[in-house]
Amino acid sequence: MFFEGVRDVRMKYVRYIYYDEGTREDCVNKTIPEALVKLEELFKAHSGDFIIGNKISYADYILFEELDVYHVLDANILDKFPTLKSFWERMWKRPNLNAYLEKRKADKVWINAIEKGMN
């Protein structure tokens with residue numbers, strides 16, 4: 001269920017990035033936050049550090065990647081969603097994931113969609 005919710009908002013983001021539907025302002029100030037409200041509520045409904053408790057799953061990595069893209073679009077986008085922001089920060093601290101992300105950042109491996117969203 002969580003994965004499908006993330007996928008729904010990702011499709012809206014993809015339509016903005018690849019099909020020029022809407023504006024960056026709409027995406028960052030309306031579309032994504034509206035979805036994050038729902039994901040925040042859903043995440044808080046379960047106890048633990050991850051989507052299904054204290055055991056990490058595929059859906060956690062999907063959620064993290066999506067939140068990370070949104071954070072690149074707007075560094076403050078998660079500020080109104082403390083549960084999701086805490087999750088995103090926790091995931092960044094995972095040693096193997098952090099090493100990969102730091103290498104990706106150093107190698108400047110970013111998709112053109114993120115660069116478009118930054119303009």
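Predicted model: local features only at pLDDT ≥ 70, side-chain atom pairs only at ≥ 80, totals over all residues.
Figure 1. Asp20 follows H1 and has a positive phi, near 55°. Several H1 residues are buried: Phe2, Val6, Val9, Tyr13, Val14, Tyr16 and Ile17. An α-helix has 3.6 residues a turn, so residues three or four places apart point the same way.

**Figure 2. Glu66, a charged residue in helix H3.** H3 covers residues 58-73, and Glu66 sits in this helix. Is Glu66 buried or exposed? Its relative accessible area is 3%, and buried means under 20%, so Glu66 counts as buried. Set aside its neighbours within four places in sequence. Glu66 is then in contact with Val6, Arg10 and Tyr13. Val6 and Tyr13 are themselves buried residues of H1.

**Figure 3. The largest nonpolar core.** This core holds 33 residues. Which of them touch the most other members? They are Leu36, Leu63, Leu67 and Tyr70. The elements giving two or more residues to the core are H1 (2-19), H2 (24-44), H3, H4 (82-92) and H5 (95-106). Look next at Tyr70. Leaving out neighbours within four places in sequence, Tyr70 is in contact with Val9, Arg10, Tyr13, Ile32, Leu36 and Ile77.

**Figure 4. Helices H2 and H3 packed together.** Two packed helices are described by the angle between their axes and the distance between the axes. For H2 and H3, the angle is about 145° and the axes are 12 Å apart. The crossing is left-handed. From H2, the contact is made by Arg24, Val28, Ile32, Leu36, Leu39 and Phe43. From H3, it is made by Leu63, Leu67, Tyr70 and Leu73. What classes of residue make this contact? Nine are nonpolar, none is polar and one is charged.

**Figure 5. Leu42, a partly exposed residue of helix H2.** Leu42 lies in H2. Its relative accessible area is 22%. Buried means under 20% and exposed means over 50%, so Leu42 counts as partly exposed. Beyond its neighbours within four places in sequence, Leu42 is in contact with Met1 and Phe2. Phe2 is one of the buried residues of H1. Now compare Leu42 with Arg90. These residues are 48 apart along the chain. Their C-alpha atoms are separated by 18 Å.

Note on methods:
Residues numbered from 1 in each chain as written. Heavy atoms only, no water. Helix = DSSP H or I, 4+ residues; strand = E, 2+ residues; numbered from the N terminus. Buried < 20%, exposed > 50% of the residue type's maximum accessible area, 1.4 Å probe, protein only. Contact = heavy atoms within 4.5 Å. Core = buried A, V, L, I, M, F, W, Y, C linked by side-chain atoms within 4.5 Å. Axes fitted to C-alpha atoms, helices over the stretch in contact; angles between N-to-C directions. Left-handed = near helix turned anticlockwise from the far one by under 90°.
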